[in-house]
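Please open the structure in your viewer and keep the selection tool at hand. The tour below moves from one selection to the next and says what is found at each stop.

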Amino acid sequence: MGIPLIQKLLVGSYVVRQRLAGRKRYPLVLMLEPLFRCNLACAGCGKIDYPDPILHQNMAVADALGAVDECGAPVVSIAGGEPLLHKNLPEIVEGIIARGKFVYLCTNALLMEKKLHQYKPSSYFTWSVHLDGDKEMHDHSVCQPGTYDRAVSAIAAAKKRGFRVNINCTLFNTAQADQVAAFFDTAMAMGIDGITVSPGYAYERAPDQQHFLNRDRTKNLFRDIFRRGQGGKKWAFSQSSLFLDFLAGNQSYHCTPWGNPTRTIFGWQRPCYLLGEGYAKTFKELMEETDWDSYGTGNYEKCADCMVHSGYEASAVEHTMQNPLKALGVALRGVRTDGEMVPDLSLEGQRPADYVFSQHVAEKLEEIRQSSPRREPVAAK
Ligand code: SF4
């Protein structure tokens, strides 16, 4: 099963409580990035392009657990950078699980086998292994031969020890439906528990800007893939049926960036996991003082092609709560892969892109400089 039953029940009851309390905006998944450092340098990554003093920052355990408490989301996805490079990660994971939250630990798996013994199998803990396709696709995507084989070996070792293991798969415009469908078959045969799939977001700082999908290509690609797997029913996706329907052009959603709030070493990131346009000091400040209407597809140029789960899964969950029978119908019948697509959001009124990255980096570097202990000049003897 893509999502454990206990998680479905607890997250479902959390959403019902938020709705009964009349909350218009509430978080579903906290995206926790305890560091930006990585042991890969993927061409499509827009997360690791920082000066060394920033890459060497590790979020303190107290700050990580404080973010979990402040936010209150029932699910925590730990990303980065490569989280397994953080030496206190086992303590962070244990602390989150002790709070009754579900942890998804995203990793490129290069260190996973070596560190498996530091974690305990639990229905509250899932390894989310980065695999962007078969050996050819994945090694090309992460720019390092041999990475696929190491990830597959780590998956087998983790399954042998009784862990839940998902794969997270990002697709670019080089993806071929036949190859992706065959890869999903292979992944299921490895005994994985679920698949998270998403089109790549066009990070402005990613080294390779040529291979991101636009919305039309995304929808057609997902139709072509789902068609090869009974409307997607053949594979255990760990995403809602309506989000998959959205990827195939059968639903039109406005983005819900507050559904996956993001905490990094910079603070609470505005507006979402994908864009760093500013930082709030507290979760409350993020929720109350972000100008949410100035983001999302149709509102902002940088959001034009985004169909990523961190922006739209929460929109699909909200739609599911309003139309449970519709969601159930898609889950039972599979995603529709032919016929008209729903009209997409208009881009006519979107505001142009702001480029603010270097300002945040300069501010953080100054903060690090000021907080580092000063070295006193050594007196000559
Ligand atoms: S559409 Fe939403 S999730 Fe996507 S980049 Fe824009 S604000 Fe972020």
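Are Glu277 and Lys302 buried or exposed? Select the pair: both Glu277 and Lys302 are buried, where buried means under 20% relative accessible area, exposed means over 50%, and partly exposed lies in between, with a 1.4 Å probe and protein chains only.

Before going on, note that this is a predicted model, in which local features need pLDDT of at least 70 and side-chain atom pairs count only at pLDDT 80 or more, while totals for chains, interfaces and linings use all residues. Residues are numbered from 1 along each chain as its sequence is written, and side-chain values use heavy atoms, with hydrogens and water left out.

Stay with Glu277, which forms a salt bridge (a side-chain nitrogen of Lys or Arg within 4 Å of a carboxyl oxygen of Asp or Glu) with Lys302, their closest N and O atoms being 2.7 Å apart. Glu277 lies in strand β9 (residues 276-280) and Lys302 in the loop between α11 (283-289) and α12 (309-322), so the pair ties together parts that are 25 residues apart in sequence; helices (H or I, at least four residues) and strands (E, at least two) are DSSP runs, numbered from the N terminus.

Next, select helix α14 (residues 357-371), where Glu367 and Lys364 lie three residues apart, about one turn of the helix. Their salt bridge has its closest N and O atoms 3.1 Å apart; Glu367 is partly exposed at 46% relative accessibility, whereas Lys364 is buried at 7%.

Finally, in helix α14, select Arg369 and Glu366, which are also three residues apart and form a salt bridge with the closest N and O atoms 2.9 Å apart.
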